[in-house]
Each structure stands twice: as structure tokens, then as C-alpha cells.
Amino acid sequence: MPSSRYFWFLWQFKLAVCQLSICADKEQNIRHAREAIQTAADGGSKLVLLPEMWNCPYSNASFPIYAEDIDAGDSPSSKMLSDMAKSKEVTIIGGSIPERSGNHLYNTCCIYGKDGSLKGKHRKVHLFDIDIPGKIQFKESDTLKPGDKYTVVDTDVGRIGVGICYDIRFPEMAMTYAARGVHMICYPGAFNMTTGPAHWELLQKARAVDNQLFVATCSPARNPSAGYVAWGHSSVIGPFGEILASTGREEAIFYADIDYAQIKERRMNMPLDHQRRGDLYQLVDLTLAT
């Protein structure tokens, strides 16, 4: 696999997905996430994944109030993630929080290595602007600005690509990550009660099987009284589209045993990369071409 030439990483490890209940109290959310990371690490996990917008309610009204300036160091949520990564010696895909940068707000995921260092920061590229009459209407762009970069990080548990929620609907992004040699794509996300049952599991399997890699997702737990009700159902999908682990609507910490040798096996058995018709179609990574 291409990435194995560039850095050392664990080929086999335990992944923990923390589907958390979110409340209106930021300090409580931070404490709760800290406890979940500790439980996951004590359970033997080397990689921990948190949900989208885990430190605040998912609403345009909440994003400006709960936003933190990560680059300026004024971010108690990020500090907790860094401290826990270092103290428990785990890699953390930090779900997402509202980030304030200058006059803009972003939906941002911070990735921390086991030494507590910030390995990468993904700002949600595709904003959730939809209108399904009689079902769901939401427009993230009313408050948030989209990111303009893909995020690939080399960690102790492999090369990981990161997307946030609506990013999973765009196969070109996942294909680009696969072309860059990622072993796993992590998608913190909060699909709703309309799109969740229709597409959440389907999209996870599609991104995994099309690119022959692992996909891990993490939603907030469902709160029926919330203004925005998350579907839940976080999962870990293998490179053949198989469900390795999943949960339902309730809060849960669950685990999956990851073995990257499965990627090599699946790609040898079904060598899609060598069978692509480059004479008819090509994927161009414009972020690298410029």
C-alpha cells in the first residue's frame, strides 16, 4: 500500500466510536466527552472518534454562541482533546465543534496524535443546505463558511482522511482520499430523521466499497426533544462494505477491530485501481495540481 513507504503505523488496532448525548451546557459536554475518551482508551482503543458538533446543540442559533477560536488557543474543547490524547496516548478524531476564525465560523474537526499534537484540522467542505418539503429544512450557510481543503493526516494508526457529515455525499472527495493512500475515512456526522434512515448506512457502505477502505462514522445520540433530531446509528464499515460494528439511537461507546491487511486483500482480489479506464475518465486532484 502506498502509505506504508512513508511512515510507520499500526496495521491492527482497536477503534472506539463514541456516540454521545449532547446538551446545552458546554462545560458538561466537554466533561462528558473527556469521560468517554478515557473509557475508550482504558478499553484498549488506539483511535477514538467523536460526533459532529459534540460541544453544542446542532442549530444555527447555537453555532456563534458556542464557537471557539482554535488557532488563537482560546478553545477549551480542543485543549481537552489534546490533553486526553497525550495522557491516554491515543489518536483522536475530534468530531467537530463550531470554530471562530476572524469574522467567519466553520464546522471544524481537529485531529490529535497520541503525543497531543494537532495533526490536522478539517473544516467542513460541503455545507448542509437542504429543503425537503414537509420533512427537513436546514441551511448551514446562514452561519457557517465552507472549508476549502481536503484533510489527510498520517498518524500512528494509519493515514486517515476526514470529512464531516454532508461531505460523505460527495464520492469525488472519498475517491481523492483513496488516491492519496488513506486507509480509513472518518466522518463525524448528524444525519436527521429524514435522511438518516434513507441514506446514512447506504452512503457509508458506498464510500467504503467503492474505494476499498475503512469508513467510520460517529453521530450524536438521538434526542427527540432537540430542535434538530439526529438519527444516530454510528458505524464502522470494512473495505468490502461489511458492517464491522454499529449502534442504534442511544448513547453508546462501541469498538471495532481494524486490520489494514484487509485492504490489501480486497484490492488484490478485485483490482479496481488497475482496471479503471484512464482513457475514458480520470480523477483530477486540483488541490495538488495548483
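**Strands, rings and pockets in a predicted model**

The structure is a predicted model.

**Strands 10 and 11**
- Strand 10 (residues 158–162) runs parallel to strand 11, and three bridges join them.
- Gly161 has Ile185 as its bridge partner in strand 11.
- Strand 11 spans residues 184–188, and five of its five residues are buried.
- In a regular strand, side chains alternate between the two faces of the sheet.
- On one side of strand 11 are Met184, Cys186 and Pro188, and on the other are Ile185 and Tyr187.

**Aromatic rings**
- There are 14 aromatic pairs in the structure.
- One aromatic cluster is formed by Tyr58, Phe63, Phe128, Phe138, Tyr166, Phe170 and Tyr228.

**Charges over rings**
- Arg123 has its charged end over the ring of Tyr106, 3.9 Å from the ring centre.
- Lys14 places its charged end over the ring of Tyr255, 5.4 Å from the ring centre.

**The largest pocket**
- The largest pocket has a volume of about 700 Å³.
- Its lining consists of 24 residues, and the closest to the centre are Ala178, Ala179, Arg267, Asp273 and Arg276.
- Four helices each supply at least two lining residues: helix 4 (171–179), helix 5 (195–211), helix 6 (261–269) and helix 7 (272–275).
- By class, the lining of the largest pocket has 11 nonpolar, seven polar and six charged residues.

**The second largest pocket**
- The second largest pocket has a volume of about 220 Å³.
- Of the 16 residues that line the second largest pocket, Ile22, Pro57, Tyr58, Ala226 and Tyr228 lie nearest its centre.
- The lining of the second largest pocket divides into 13 nonpolar, two polar and one charged residues.

Conventions
Residues are numbered from 1 along each chain as its sequence is written. This is a predicted model: local features need pLDDT of at least 70, side-chain atom pairs count only at pLDDT 80 or more; totals for chains, interfaces and linings use all residues. Side-chain values use heavy atoms; hydrogens and water are left out. On a 1 Å grid over the protein atoms alone, a cavity is a set of points where a 1.4 Å probe fits but cannot get out, and a pocket is an open set with protein on both sides within 12 Å along at least five of seven lines; lining residues have an atom within 4 Å of a point. Grid points are joined across faces, edges and corners, and a volume is the space filled by probe spheres set on the points. Ala, Val, Leu, Ile, Met, Phe, Trp, Tyr, Cys and Pro count as nonpolar, Asp, Glu, Lys and Arg as charged, and the others, Gly among them, as polar. Rings of Phe, Tyr and Trp (its six-membered ring) pair if their centres lie within 6.5 Å; planes under 30 degrees apart count as stacked, over 60 as edge-to-face and the rest as tilted. A charge sits over a ring if NZ of Lys or CZ of Arg is within 6 Å of the ring centre and within 35 degrees of the ring normal. Buried means under 20% relative accessible area, exposed over 50%, partly exposed in between (1.4 Å probe, protein chains only). Two strands pair if DSSP finds at least two bridges between them.
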